[in-house]
Amino acid sequence: MEMPAIPQPTFYIFKCEQSAPPGMPKPSCVTEQSRDLFNYLAQTMMQKGLMGPVQAIRTSCLGRCQMGPVMLVEPGHHMYCQLSKEKIDKIIEEHIIGGTPVQEYLIPEQFWGAPISLS
Ligand code: FES
């Protein structure tokens, strides 16, 4: 029996959900002020009917803690930094729905150089 093809999602959004224990000097993406950003992202996508074609995934540290809160949008390796609810709204409208990354919210180039070569 032939199985129907399962379509790929249009985007994956990996939201860093790492928090540091109290007293830890290193910054982290989830703090008292930023703890509801993932729920905000998920609720906004749900309201706009994007869940399914777009997969929002809670992930641990993405290695750019000093620029947090961060989230990575794939395909394209687009790393958004210093997120807020307002930034999430604009990223959903312009990048996820409109297809154009929001350049001014992307991580600065000095923190996101060319991919490491494995050869
Ligand atoms: S804690 Fe989020 S990138 Fe490290």
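This is a predicted model: local features need pLDDT of at least 70, side-chain atom pairs count only at pLDDT 80 or more; totals for chains, interfaces and linings use all residues.

Reader: Okay, what does the secondary structure come to, and in what order do the elements run?

Author: The protein has two helices and four strands, and from the N terminus they run β-α-β-β-β-α.

Reader: And how many of the residues count as buried?

Author: Of the 119 residues, 20% count as buried.

Reader: Let's take helix H1, then: which of its residues are buried, and where do they sit around the helix?

Author: The buried residues in H1 are Leu37, Phe38, Leu41 and Met45. Viewed down the axis of H1, these residues fall within an arc of 105°, so they line one face of the helix.

Reader: What is on the face of H1 turned away from the buried side, and what do the buried residues pack against?

Author: That face carries the exposed residues Asn39, Gln43, Met46 and Gln47, whereas the buried residues of H1 pack against S1, S2 and H2.

Reader: Switching to H2, where is its kink centred?

Author: Helix H2, which covers residues 85–97, has a kink of about 30° centred on isoleucine 91. Ile91 is itself buried, as are Ile88, Ile92, His95 and Ile96.

Reader: And which elements do the buried residues of H2 pack against?

Author: They pack against strands S1, S2, S3 and S4, and also against helix H1.

Notes. Residues are numbered from 1 along each chain as its sequence is written. A residue is buried if 20 or more other C-beta atoms lie within 10 Å of its own, exposed if 12 or fewer, and partly exposed in between; C-beta atoms are placed from the backbone. The bend at a residue is the angle between axes fitted to the seven residues ending there and the seven starting there. Two residues are in contact if their C-beta atoms, placed from the backbone, lie within 7 Å. The arc is that of the directions from the helix axis to the C-beta atoms.
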